[in-house]
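Reader: I'm new to this one. Could you show it to me and let me ask how you know what you say about it?

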Amino acid sequence: MRMVAVVLGGGVGQRLGAGLPKQLLTLGGRTLVERCVAAFETAPGIGEILVVMARGYTGQVEALLGDRYPKVTGVIEGGQARPDSVRAALATIAAGAGGADCGVLLHDAARPLVDQRIIADCVAALRVHDAAGVAVPASDTMVVTGHGVMQSMPRRETLHRCQTPQCFRLSVISRAHELAAADPGFSPTDDCGVVLRYLPDVPVHIVLGSERNIKVTYPQDLAVAEALLKSGLSPGLSSAPPA
């Protein structure tokens, strides 16, 4: 089955306060977006890569990537919010699919340390499931709060922290987003959440993530990513088995 990796860099990273999209910040001499593209370029199971960038930056990224990544089929402009960027990517993939279904791996450009084991496991999951998401078991006790007061404590062993890639058959994620777009009361920030809400009969399976697969959101996150990169350690696996 055709497998398309989508590197989502349509946001501007306001929380990082860097004055430019965070995916264009450098980590070990390469931008975050290029590190993500390079990871999927070397992944045997990935056939194509589509990059989504913030408005006004597509040309810069095209020049940055050049012709060194043959799997890149395009750099397109994202939308106002993450769901808009995802829908733009899905429309582009569908236009090139000729009506055939395919696998889509949606990955945040702000996660530059995604490793080959995670990508391979995502590809394997899509060969047998319609939806899957990378996640790691929660190590801290979690609490539900309201108005500054603890209300309940879910069992920790039932909780995971979501990462990316999030992986779907094109037909499944396209239908889920179609339904979400028609619901003005829902503002999704996570594609697995879109499927869980609008296609509840589609199981979303877990692909085990890694503590190394961090998301760069705040300035200190970039420092942590630099430390992980310099450590030279192999990507760590969480100890719990996938659900």
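Author: Here are some questions and answers on the overall build and then on one strand. Keep in mind that this is a predicted model.

Reader: What makes the protein as compact as a globular protein of its length?

Author: First, the parts: the protein holds seven helices and 11 strands. Its radius of gyration is 18 Å, and the globule rule gives 18 Å for 243 residues, so the protein counts as compact as a globular protein of that length. As for its extent, the C-alpha trace spans about 50 × 45 × 35 Å along the principal axes.

Reader: How much of the protein is buried, and how do you know?

Author: A residue is buried when its relative accessible area is under 20%. By that cut-off, 47% of the 243 residues are buried.

Reader: How do you know which strands pair with β10?

Author: Pairing takes at least two bridges between two strands. Strand β6 (residues 103-108) has four bridges to β10, so β6 and β10 pair, and they run antiparallel. Within that pair, valine 104 has phenylalanine 168 as its bridge partner. Strand β7 (residues 131-137) has six bridges to β10, so these two pair as well, again antiparallel. Here proline 137 stands opposite histidine 160.

Notes. Residues numbered from 1 in each chain as written. Predicted model: local features only at pLDDT ≥ 70, side-chain atom pairs only at ≥ 80, totals over all residues. Heavy atoms only, no water. Rg over C-alpha atoms; globule rule 2.2 N^0.38 Å. Buried < 20%, exposed > 50% of the residue type's maximum accessible area, 1.4 Å probe, protein only.
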